[in-house]
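Subject: Structure for your review

Dear colleague,

I am handing over the structure below, and I would be grateful if you could look through it alongside my notes.

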Amino acid sequence: LQNVRIDPNSISFSMWKDIPVPFYMSVHFFEVLNPKEVLQGAKPVLNQRGPYVYREFRYKTNITFHDNDTVSFLEYRKLFFQPHLSNGSEEEYIVVPNILMMGAAVMMENLPNFVKLLLSGALAGMKQEAFMNRTVGEIMWGYEDPLIDTINMFVPGLIPFKGKFGLFVELNNSNSGLFTVNTGMKNISRVHMVDLWNGLKKVNYWRSSECNMINGTSGEMWPPFMSPTSLEFYSPDACRSMTLVYKQSGKFKGVPTYRFVAPKTLFANGTDYPPNEGFCPCMQSGIQNVSTCRLNAPMFISHPHFYNADPALVNAVEGLHPSEAQHALFLDVHPMTGIPMNCSIKLQLNLYIKQVSGIIQTGKIKPVVLPLLWFAESGSIEGSVLKQFYTNLVLIPSLLEYLQYIFLGLSVLLIVSAGVLMAMSQRSTAEKSPRHPATQSKPPPSSETTPLLHDADTLSQDDAEA
């Protein structure tokens, strides 16, 4: 238990600070094969590309311990492209929606027509279209786009950032916010549980207090002695707390684990699952609107390929094949310590696009939640760390358990042996003791007169014989 706590003097502190587990992020893009037809109202036809795999390194900085049994830290991520693990390069071109333009069009839908017409004219002058052909690297890590300044000129503050635009531009070499978690020094059952995130007890993205709650851990470790029920963690990427449910017990390379998976209610809408009403406005079950924490852009998150979602979402496009084996997320956790042994967290990013009157570039696009990409962050304990973990938490306890039974067996054997020896000893003693016949008369008691009487009798008998 001492090593489970967040303590600079514990042997596990360095592992907590600089996670030695090799993490990989695999990204799959959805290429639009018929962009011209989609502009005319056709169903989008998608083709999955990738994976494009990145080695992910995580480390903590600004570690500060507090008097109330908590510690604060910033965790950074660095990503490095792995060509030998990828199916393609970052220089490959992919046709995807013009995310900035199509997102801004939906965001401006309720503005006066003359504003939209002015923007549409500016877009035409910049030769902006509904779909773009960009490299994987540009879509991931950003590209310069004059559209940002143009949109902000017509609608100040609509896109409150400058510089490059990319879906993962803020992920690499950046942190996920200031976490303050319990150290477990005073209460081991609270170790790793989030106390504050960016100084907040609750976020303000959602419409209900329950949905705004910051529950569970930061998603790296959990308190020890877990029960096979559920676990919670706060995800800055999803802007919310998530609850996974127990599915089954198993083993990862000999180490016992509990597997936790996402329930079908995770991204259900408020109609199908009332507690999720606070995450609305909702559409079909299986997607979550994250516009309130993504600059009001019409972005949705879901499981890959709309797994566990309303079939209408899958049928609105062609090329999706949801599968539990490929698209379900899971966490395999060692229940005694709360340490994940193997995990794969999978999410899909989707953009809601449609025809917007006044912006001619949107053509006749029918309303659709269009998948952009899905990614999996996966990692497992291996190598020397796994060996140490197995030795300390599986092998040694097993040996101690076996020794316990061996000592118990030996003690029983010794007790039985001692009993047998005692019985044999008692029997041997009894056999060596002298026995007196029952008919033998007792000698007369000794007294001073007895010899005299005995002599007199003897003399009288002699005289008679003479």
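Cysteine 211 has a relative accessibility of 4% and therefore counts as buried, where buried means under 20% relative accessible area, exposed means over 50%, and partly exposed is in between, with a 1.4 Å probe and protein chains only. Cysteine 211 is in no disulfide, and the nearest cysteine sulfur, which belongs to cysteine 280, is 8.3 Å away; a disulfide here is a pair of cysteine sulfur atoms within 2.5 Å.

Please keep in mind that this is a predicted model, in which local features need pLDDT of at least 70 and side-chain atom pairs count only at pLDDT 80 or more, while totals for chains, interfaces and linings use all residues. Residues are numbered from 1 along each chain as its sequence is written, and side-chain values use heavy atoms, with hydrogens and water left out.

Disulfides

By the distance rule, the count comes to 2 disulfides, and with bonded cysteines counted along the chain they follow the pattern 1-4, 2-3. One of them joins cysteine 239 to cysteine 293, with an S to S distance of 2.0 Å, and the torsion about the S-S bond is about 85°, so this disulfide is right-handed. The pair links distant parts of the chain, 54 residues apart: cysteine 239 lies in the loop between strand E8 (230-235) and strand E9 (240-252), and cysteine 293 in the loop between strand E11 (287-289) and strand E12 (299-302). Helices (H or I, at least four residues) and strands (E, at least two) are DSSP runs, numbered from the N terminus. Cysteine 239 is buried at a relative accessible area of 2%, and cysteine 293 is buried at 12%.

A disulfide is also formed by cysteine 280 and cysteine 282, whose sulfur atoms are 1.8 Å apart, and with -90° about the S-S bond this link is left-handed. Cysteine 280 is buried, with a relative accessible area of 9%, whereas cysteine 282, at 32% relative accessibility, counts as partly exposed.

Aromatic rings

A search of the whole structure finds 19 aromatic pairs; rings of Phe, Tyr and Trp (its six-membered ring) pair if their centres lie within 6.5 Å, and planes under 30 degrees apart count as stacked, over 60 as edge-to-face and the rest as tilted. Among them, tryptophan 206 and phenylalanine 279 have ring centres 5.0 Å apart and planes at 80°, so the pair is edge-to-face. This pair, too, links distant parts of the chain, with tryptophan 206 in the loop between strand E7 (194-197) and E8, and phenylalanine 279 in the loop between strand E10 (255-261) and E11, 73 residues apart. Tryptophan 206 counts as buried at 7% relative accessibility, and phenylalanine 279 is buried at a relative accessible area of 8%.

Tyrosine 258 and phenylalanine 260 form an edge-to-face pair with 6.4 Å centre to centre and 70° between the planes, and both residues are buried. Elsewhere, ring pairs link Phe13, Trp16, Phe65, Phe73 and Phe179 into a cluster.

Core and contacts

Of the 115 residues in the largest nonpolar core, Met25, Phe29, Tyr54, Met140 and Leu231 touch the most other members, and strand E15 (residues 368-380) gives the most to this core, with 8 residues. A nonpolar core is a set of buried Ala, Val, Leu, Ile, Met, Phe, Trp, Tyr and Cys residues joined through side-chain atoms within 4.5 Å. Leaving aside residues up to four places away in sequence, methionine 140 touches Met25, Val27, Phe29, Tyr54, Gly166, Leu167, Phe168 and Val169, where contact means heavy atoms within 4.5 Å.

Leucine 351 has its place in strand E14 (residues 339-353) and counts as buried at 0% relative accessibility. The C-alpha atoms of leucine 351 and leucine 372 are separated by 6.8 Å, although the two are 21 residues apart along the chain.

The chain as a whole

The protein chain has 10 helices and 15 strands, and 47% of its 466 residues count as buried. Among its contacts with a separation of 6 or more, 65% are accounted for by residues 24 or more positions apart.

With best wishes
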